[in-house]
Amino acid sequence: MPRFAANLSMMFNEVPFLDRFDAAAKAGFTAVEFLFPYDHPAEAVGERLRKNDLTQALFNLPPGNWEAGEKGFAALPARFDDLKRSLDTALPYAKATGVKRVHLMAGIANRSEPKAVEAFYKSVAVAAEFFAPHGLDVVIEPINPRNVPGYFLNDFLFARDLIVELKIPNLKLQFDIYHCQIIHGDVTMRLREMMPVIGHIQIASIPSRNEPDGEELNYPFLFAELDRLGYSGFVGCEYNPRGKTTDGLGWFKPYAGVKP
């Protein structure tokens with residue numbers, strides 16, 4: 001049975017960020033993820049996890065100036081120093097939360113530019129090497145161009161091939177089913193093909209990015225498929241609730257309380 005992690009950047013927005021841990025636990029989640037914790041002290045985040053007996057499934061490395069449209073800088077040759085500083089910034093949060101995987105964002109760059117590709121390969125390798133002694137995986141996630149125009153990593157095949165080529169043990173694929181359906185379609189076959197390199201999965205309805213309870217994909221089938229494929233990682237609920245978060249959790253009731 002899949003182990004679901006509530007995405008606290010998108011869910012439970014009815015309450016302040018630190019109170020969302022309590023809300024997620026009360027709703028039956030045993031794990032959480034979020035985009036960025038850096039507006040709050042690392043120990044405050046860790047304390048909320050411990051208080052609610054929650055597992056931290058994932059968070060992103062610092063992306064740069066998010067409000068100004070930056071989406072990471074791993075593929076930006078001129079921002080390599082920023083990339084290295086971001087690793088140092090994230091490490092205390094990894095230690096405080098006990099997270100086992102962090103997401104390295106590629107940034108807005110043209111994948112047809114050799115220097116951008118070279119920078120991304122370099123950044124991925126450096127980040128994975130940095131976190132390996134701490135027992136952390138680094139995951140990379142293709143993001144569809146409709147949501148983030150110009151994002152460097154917008155192809156699951158490119159991401160899979162990079163991971164296979166580099167052969168870095170703690171480098172994995174973040175497989176967001178929502179993004180995959182928009183970019184490629186044929187989600188089930190791509191899950192089967194790419195499962196050996198997948199380190200984290202995320203879900204949302206397509207095309208609205210709401211609760212995974214309808215629209216294009218049959219999520220109960222996909223959840224069963226993850227069991228058939230032997231996937232033992234987390235499934236992050238990275239969706240925008242249609243209304244109050246708890247009102248849209250009917251899909252989640254059969255899975256509530258499943259322990260990591």
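## Helix α2 against helix α3

Ala-42, Glu-43, Val-45, Gly-46, Leu-49 and Arg-50 of α2 meet Pro-92, Tyr-93, Ala-96 and Thr-97 of α3. Contact here means heavy atoms within 4.5 Å. These residues split into six nonpolar, two polar and two charged. Ala, Val, Leu, Ile, Met, Phe, Trp, Tyr, Cys and Pro count as nonpolar, Asp, Glu, Lys and Arg as charged, and the others, Gly among them, as polar.

Helix α2 spans residues 42-51 and helix α3 spans residues 80-97. Their axes come within 8 Å and cross at roughly 20 degrees. The two are therefore roughly parallel. Angles under 35 degrees count as roughly parallel, over 145 as roughly antiparallel, 65 to 115 as roughly perpendicular and the rest as oblique. The crossing is right-handed, a term for the near helix being turned clockwise from the far one by less than a right angle.

## Basis of the model

This is a predicted model: local features need pLDDT of at least 70, side-chain atom pairs count only at pLDDT 80 or more, and totals for chains, interfaces and linings use all residues. Residues are numbered from 1 along each chain as its sequence is written, and side-chain values use heavy atoms, leaving out hydrogens and water.

## Helix α7 against helix α8

Helix α7 (residues 187-194) packs on helix α8 (residues 219-228) at an angle of about 15 degrees. Their axes are 11 Å apart. That angle makes α7 roughly parallel to α8. The crossing is right-handed.

From α7, the contact uses Val-187, Thr-188, Leu-191 and Arg-192. From α8, Phe-221, Leu-222, Glu-225 and Leu-226 take part. The contact residues divide into five nonpolar, one polar and two charged.

## Cysteines

The structure holds zero disulfides, a disulfide being a pair of cysteine sulfur atoms within 2.5 Å. Cys-180 is in no disulfide.

Cys-180 is buried, at a relative accessible area of 0%. Cys-237 is also at 0% relative accessibility and counts as buried. Buried means under 20% relative accessible area, exposed over 50%, partly exposed in between (1.4 Å probe, protein chains only).

## Asn-65 in its loop

Asn-65 lies in the loop between β3 (55-60) and α3. Its relative accessibility is 39%, so Asn-65 counts as partly exposed. Asn-65 and Pro-149 are 84 residues apart in sequence. In space, their C-alpha atoms are 16 Å apart.

Methods. Axes fitted to C-alpha atoms, helices over the stretch in contact; angles between N-to-C directions. Helix = DSSP H or I, 4+ residues; strand = E, 2+ residues; numbered from the N terminus.
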